[in-house]
Structures are given as C-alpha cells and as structure tokens.
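Here are a few exercises to work through with the model open beside you. Try each task before reading its solution.

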Amino acid sequence: MRHRSLLILTTVLTTGALTLTACGSRDDSKKGGDSGGTQTVVIGVDAPITGDLSALGLGIKNSADLAAKTANKENTVPGIKFEVKPLDDQAQPSVGQQNAQKFIDDDTVVGVVGPLNSGVSQSMQKPLNDAGLTQISPANTGTELTQGENWKTGDKKRPFKTYFRTATTDQIQGAFAAKYLYNNAKIKQVYLIDDQKPYGAGLAASFKNTFTTLGGKIVGSDHVNPDDRDFNAVVTKVKKSGAKAVYYGGEYPAGAPLSQQLKDSVQIPLMGGDGMYSADFIKLNKKAQGDIATSVGKPVEELDSAKKFIADYKTAGYKDAYEAYGGGTYDATWSIIEAVKIAVADNGGKLPSGDDARTKVLAAMAKVKFDGVTGPVSFDEYGDTTNTMMTAYQVDGGKWTSKLSEAYKP
Amino acid sequence: MNELPQQLANGLILGAMYGLIAIGYTMVYGIIQLINFAHGEIFMIGGFGALTVYLWMPAGVSLLAIIPLMIIGGVICSVAVSTAAERFAYRPLRTAPRLAPLITAIGLSLALQQAIWKWYPDAKKDRSFPQFKGEAIDIFGAHIQRGDLFVLITAPICMLALGLFVSKTRSGRGMQATSQDPDTAKLMGINTDRIIVMAFAIGAAFAAVAAVAYGLKNGQIGFKMGFIMGLKAFTAAVLGGIGNIYGAMLGGVVLGIAESLATGYMSNVPGMDLFGGGAWKDVWAFVLLIIVLLLRPQGLLGERVADRA
C-alpha cells in the first residue's frame with residue numbers, strides 16, 4: 001500500500017512539474033518570438049548577493065537594474081523592454097557555473113553582466129562561450145581572463161570571444177601605482193605585502209615589476225591571510241626594513257587594520273588598488289591619513305554622466321550603496337543595451353529571433369561605443385576596455401581626494 | 001633595532017586573546033566532552049553586544065568610562081546566547097551519540113553568523129569599533145598600544161578570578177566533581193544541570209571580554225571574526241591540554257608567540273626563506289601543535305585520563 005501511494009504521489013508531482021515547465025517554456029518562446037508590440041529582453045546578472053562580499057554584489061545588482069530601468073524609461077531601444085535576472089553566485093566558482101547554465105537555458109537572455117570575482121569568471125567563461133552568450137564583467141581584473149595564460153611572455157591570445165569587461169587589468173593598475181609612487185610621491189623604498197588571492201597577488205606582482213624597472217627598491221615582501229586582522233608581526237618587520245611606504249595587494253577589510261597597525265609603529269603610507277579605494281577603508285581605519293589608492297576612471301565628481309548615475313541611483317531608492325563597481329556595472333549593462341540597439345537597427349527594427357539574437361548581439365559588441373559613467377566605453381580586440389584612465393587618490397582629512405588622473409600607456 | 005621584544009609582545013597580546021576564548025572550549029569539554037564549535041560565534045556576539053552599548057552612549061563620554069559598561073553589555077549578550085544554546089540545542093541531545101551535538105554545534109555556528117549578518121544593522125561589512133587615543137607605550141623595548149594594554153590587564157585578572165572560583169567556592173568544587181564523574185556528582189547532591197549551564201556562561205563571559213579586546217585592538221569587528229579566532233582558540237585549548245583552564249591560557253600564549261616568531265624570523269633561517277612570513281605562520285603554529293601532541297598527547301598541562309565514553 002505504502003508503495004503504491006508513493007508511486008501515485010511521485011506521478012502526480014512529476015506530471016505537475018512537467019506541466020509547469022511546459023508552461024514556462026511556452027511563455028519564454030512567446031516573449032522571444034513576439035513580432036508585434038514590445039519585446040522583452042533579459043540581461044542576466046551574476047554577483048555575490050549573499051556572503052561577505054554581498055555589499056559589492058548588491059551594488060552590482062542594483063546598478064544593472066538601474067541601467068535597464070533607465071533604458072526602458074528613455075526608450076533607448078524602441079520596441080524593446082529590458083529586464084534583469086539577478087542570480088547569486090555566493091562568490092563561488094561552482095555556483096557561478098550553474099548560474100551560467102541557467103542563463104544559457106533561458107532563451108530570453110541575450111547577455112550576462114558579472115561576476116565580481118575573477119575566480120568565478122573562470123568557471124563561467126567556457127559555458128557562456130560555447131553558447132555564444134555575451135558576458136561583461138564590471139569588476140574582474142585578472143589579466144589572463146582576456147589575454148590568455150601566457151600574457152606575461154607577450155604571447156597574448158584571447159581565450160573566449162564572448163568575454164568583455166569594463167574593469168581594467170591588474171597589470172595596468174599595478175604599473176600605474178608604481179609610476180605614481182616613484183615619480184609623483186618620490187618614494188623609492190617599498191615593502192610589498194599581498195593577501196595571496198589572485199587579485200592581490202597579481203596587483204603586487206605587476207607593481208613590483210614596474211617599480212623595480214623604474215629603479216625603485218623592494219626592501220622586503222610578505223604575504224598575509226585576508227581573514228586575519230592582526231598584522232603586528234608583519235608590521236614589526238616592515239619597521240625594521242626601513243621602507244618608506246608599503247604597497248598592499250588586497251582589499252580593504254584587511255587593508256584597514258594593516259594600515260592602522262602600521263602607523264601605530266611607523267609613520268609611512270600604505271598604498272593599494274581599487275580593492276582599497278572604499279569609504280569603508282577610512283571608516284574602519286582611524287589612521288588612514290596619507291594612505292594612497294589607485295582606481296579605474298576619473299573621479300566621479302569630474303564626470304557629468306557619473307553625476308546623473310549617482311542622482312538616479314539615489315532617486316531609485318536602493319537600500320544598498322552602489323559601492324566600488326556601481327559605475328562599471330552600469331556601463332557594462334549599458335554596453336549590452338547598446339549592442340541590442342545595434343542588432344535591432346540592423347534587423348529592421350526588431351530583435352532577430354532565436355539563437356540569432358545572441359549571435360547578433362555578440363557581433364555588435366565590437367561596435368559599441370558610448371560615454372559611460374566611468375568615461376568613454378568601448379572594447380579592444382581582447383575584450384578589454386579601451387579606457388585606461390587611472391586615478392591616484394590619497395586620504396586627506398577623512399576622505400579620498402584625487403591626486404592624479406592619467407590615461408596609462410604601457 | 002632589536003625586534004625580538006616587539007615580536008614577543010605581539011605574540012603575547014594575541015595569545016592572551018586566544019587564551020580567553022580557549023577557556024570556553026576547555027570548560028565545556030572538561031564537563032560534558034562537547035567541542036562547542038559555536039563558541040567562536042559566542043565570541044563574535046560578545047563583540048557586537050559591546051558595540052551596541054557603545055552606540056547607545058551619548059557622544060563625548062570618554063571611552064575609559066564606557067569600557068566597563070561595554071564589557072557588561074557584551075557579557076550579557078554572549079552569556080544569554082550561550083545559555084540559550086545549551087538549553088535548547090545541547091541539552092536535548094545530552095544522551096545522544098556524541099556526533100549529534102557536535103554537528104548541532106556546527107549548525108548553530110552557521111546560524112548565529114548568518115543571524116548577525118542579517119539582522120544587526122550594517123553588519124554585512126565589518127563595523128568600526130571604538131579605540132583609545134594616544135601614543136603607544138614603551139615597555140622593555142616593545143611598543144605597546146593603549147588598546148592592547150586592555151587584554152594584558154584583563155586576561156590575568158580573569159584567570160585569577162576563575163582559578164579562585166574553581167578551587168575555593170562551592171560551585172567551583174561542584175564543577176570539578178562534575179568534570180571528574182557526572183553520575184557520582186549527581187548522587188552526591190550536585191545539580192549537574194546548573195553546573196553545566198555555569199560552564200557555558202563562564203566561557204561565554206570570557207569570550208565577550210576577549211571580543212572587547214579584539215575590537216579595541218583592531219578597530220573593527222565583523223560577523224565572520226569568530227571563525228578564525230574560534231579555530232585558533234580551539235587549537236590553543238588542545239595545545240594546552242583540553243579540560244585544563246590554565247592549559248588553555250598557556251596554550252593560547254604559546255600559540256600566539258609561535259605565530260609571531262614564525263612571521264618574524266622563519267624567513268631568516270637559511271633555506272627557509274620560502275616558508276616564512278605571514279602566509280606561513282598558521283602552518284608553523286600547527287606544526288608546533290602536532291609536535292606537542294606527538295610528544296605529549298594530553299597537551300602541555302593536560303592529565304592523562306582514561307576515556308570515559
């Protein structure tokens with residue numbers, strides 16, 4: 001008896017599930033293939049929406065949402081309504097890969113924005129590439145993502161034709177930081193610390209490379225654990241080494257206590273990359289005065305488009321701040337919107353149907369060119385942003401003030 | 001400059017903090033043989049309790065005056081959560097196989113972490129914690145921050161108080177009896193349930209003091225901080241001999257100093273330059289643990305006891 005009722009239950013559930021799925025796919029095909037009226041186009045967003053990087057992830061999710069809403073309001077692409085489909089990757093590569101598959105299976109998705117972490121991107125690139133689905137990350141800085149494993153030896157090869165990004169590479173950022181420290185801040189002895197993560201270690205390696213080429217001296221180096229908050233043992237070594245500054249490849253949660261403990265024993269600045277350029281760095285660090293960070297693009301106050309973004313973000317009433325990658329995400333999402341616009345224009349006013357939509361959107365990416373929140377947006381032959389504008393900031397009186405903006409030329 | 005006194009001081013401060021947390025592991029283990037993996041989170045909640053008290057205080061009151069209130073606030077929060085955990089999560093499982101409460105502890109640890117993440121205002125990122133102003137103080141050639149003096153003062157006081165409590169008071173002796181043989185202790189008229197709650201409460205109170213020390217030292221607390229600190233404190237408890245309160249503190253200090261010296265000096269040893277520095281300090285700390293456990297399986301101060309289970 002029990003077996004039979006179980007069988008019936010399973011049958012009912014299976015039938016129910018099948019019916020529901022069928023409903024779903026019928027709906028989807030209707031959305032995608034609707035010839036008259038408004039077509040709905042979905043942009044997938046993949047970011048860590050829960051977990052300790054959720055602050056950055058929520059900023060990405062909201063900024064993508066804002067871009068879609070703005071495009072709908074301004075009727076940027078006539079006849080097309082944009083929607084975002086955010087999925088949480090928990091900053092884990094395996095989850096990111098599952099999300100990539102979900103985007104691929106949903107016919108209405110024409111492009112994906114995200115993710116935050118380079119490690120997650122590595123697991124998403126291949127499935128998206130096989131499906132011909134465009135992906136744009138606002139935050140990945142790992143150089144190998146666009147230029148292949150052998151970029152260091154000059155053998156640059158783009159591994160995935162569907163991958164683009166609005167963030168610049170670690171290589172450019174580290175080199176810019178080294179030049180700023182050597183030429184502008186006139187500091188020649190540096191102690192190098194990184195947090196052993198791909199971002200931090202990549203940044204530190206690129207900094208070291210340029211800094212020593214310029215004639216600077218790395219007086220010592222060490223690695224720390226990004227979950228630690230006590231760095232006194234390392235600081236004691238820095239003090240002994242006689243360094244005039246510390247370059248830290250890592251993010252602000254560990255950078256803030258590191259800087260503070262550093263200044264407790266020796267008065268030298270800490271310098272870092274965009275992972276340190278956060279208001280929280282100053283909030284968590286009572287001795288941040290004089291610390292330096294580099295970040296992508298020009299300072300927000302100097303760009304009209306950014307002002308509009310900030311105002312719109314505020315008006316939209318999102319609960320979480322747009323954080324470090326809000327502008328980049330807006331631009332990444334807008335790139336897909338622009339690509340859709342080009343594809344639609346080429347196809348006589350409506351989006352090509354079926355798989356063709358993805359192919360056409362991907363083909364249009366090369367032609368995308370507009371003035372975004374972070375500056376002019378377009379992509380080079382590797383899928384990297386052509387915007388190499390970098391800015392160095394220094395903490396002064398409790399806030400980051402811009403010191404130097406420069407387009408970096410290698 | 002001779003950096004040895006400085007590195008020893010760094011290690012001592014860190015180790016005293018490990019030791020305070022380790023007390024909680026060691027007391028609970030000593031009495032009910034449970035490794036309370038949620039203890040790191042109890043530590044974290046103590047920190048948030050103290051921060052809440054600080055945020056309630058009017059601006060302009062000196063930190064020195066608020067500190068006692070912050071400690072009380074932290075202790076109340078962590079003791080409340082810890083005793084509630086004992087009552088509702090561990091007590092129903094007291095007769096269950098040992099694996100059940102252990103897994104419960106791990107689940108509880110995740111639940112508490114996520115609860116703070118979800119409901120404490122602005123706790124999705126690290127929150128800043130008040131710190132003492134003023135220059136560092138030089139003692140025996142070591143540079144010691146004002147905030148670090150806190151743990152150097154409170155840790156010995158706490159240990160002294162605990163030592164007196166366990167050896168001199170009625171409840172303390174009841175605790176010893178329960179740890180030696182819970183069934184016989186019960187027959188002798190000791191309310192073992194009360195003793196167990198007390199062990200959880202004392203451990204939680206010590207963890208809250210450690211959390212205040214952590215905040216004052218690093219200037220920030222976060223919902224994740226209990227994980228690493230809890231793991232290190234558990235290591236310290238094992239190193240010192242789990243079940244022994246003095247062992248917990250000794251284990252903490254030894255672990256802290258080992259980490260500090262490994263960071264400072266290991267890379268100077270010829271041929272070891274690849275294995276030194278901050279990245280390898282945990283490795284050396286655990287190598288030390290393994291060596292100690294090989295030579296003295298019961299830990300530094302532990303006593304060899306037959307397994308009762």
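**Exercise 1. The interface**

How many residues of chain B are in contact with chain A, and how many of chain A with chain B?

Before counting, a word on the model: it is predicted, so local features need pLDDT of at least 70 and side-chain atom pairs count only at pLDDT 80 or more, while totals for chains, interfaces and linings use all residues. Residues are numbered from 1 along each chain as its sequence is written, with chains lettered from A and ligands numbered from 1 in the order in which they are written.

Step 1: take two residues as in contact if their C-beta atoms, placed from the backbone, lie within 7 Å. On that basis, 27 residues of chain B touch 28 residues of chain A.

Step 2: look for the elements involved. Helix 1 (4-32) and helix 10 (245-265) of chain B each supply at least two residues of the side facing chain A. Helices here are DSSP runs (H or I, at least four residues), as are strands (E, at least two), numbered from the N terminus.

Step 3: sort that side of chain B by class. You get five nonpolar, 15 polar and seven charged residues. Nonpolar covers Ala, Val, Leu, Ile, Met, Phe, Trp, Tyr, Cys and Pro; charged covers Asp, Glu, Lys and Arg; the others, Gly among them, are polar.

**Exercise 2. The sheet in chain A**

Work out the strand order of the seven-stranded open sheet and find its edges.

Step 1: trace the pairs, where pairing takes at least two DSSP bridges between two strands. The order is 7-6-8-9-10-13-14 in chain A, and the pairing is mixed.

Step 2: find the strands that pair on one side only. These are strand 7 (217-223) and strand 14 (399-407) of chain A.

Step 3: zoom in on one pair. Strand 8 (residues 245-249) and strand 9 (residues 270-272) of chain A run parallel and are joined by two bridges. Tyr247(A) has Met271(A) as its bridge partner in strand 9 of chain A.

Step 4: Helix 8 (residues 232-241) of chain A lies across strand 6 (189-194), strand 7 and strand 8 of chain A, at about 170° to strand 7 of chain A. Helix 9 (residues 252-265) of chain A lies across strand 8 and strand 9 of chain A, at about 160° to strand 9 of chain A. Axes are lines fitted to C-alpha atoms, for helices over the stretch in contact, with angles from 0 to 180 degrees between N-to-C directions.

**Exercise 3. A lysine in chain B**

Is Lys217(B) buried or exposed?

Step 1: Lys217(B) sits in helix 8 (residues 192-218) of chain B.

Step 2: count neighbours. Lys217(B) has 25 C-beta neighbours inside 10 Å, so it counts as buried. The cut-offs are 20 or more other C-beta atoms within 10 Å for buried, 12 or fewer for exposed, and partly exposed in between, with C-beta atoms placed from the backbone.

Step 3: see what it touches. Beyond neighbours within four places in sequence, Lys217(B) contacts Gly147(B) and Asp148(B). Asp148(B) is 69 residues away in sequence, yet 5.8 Å away C-alpha to C-alpha.
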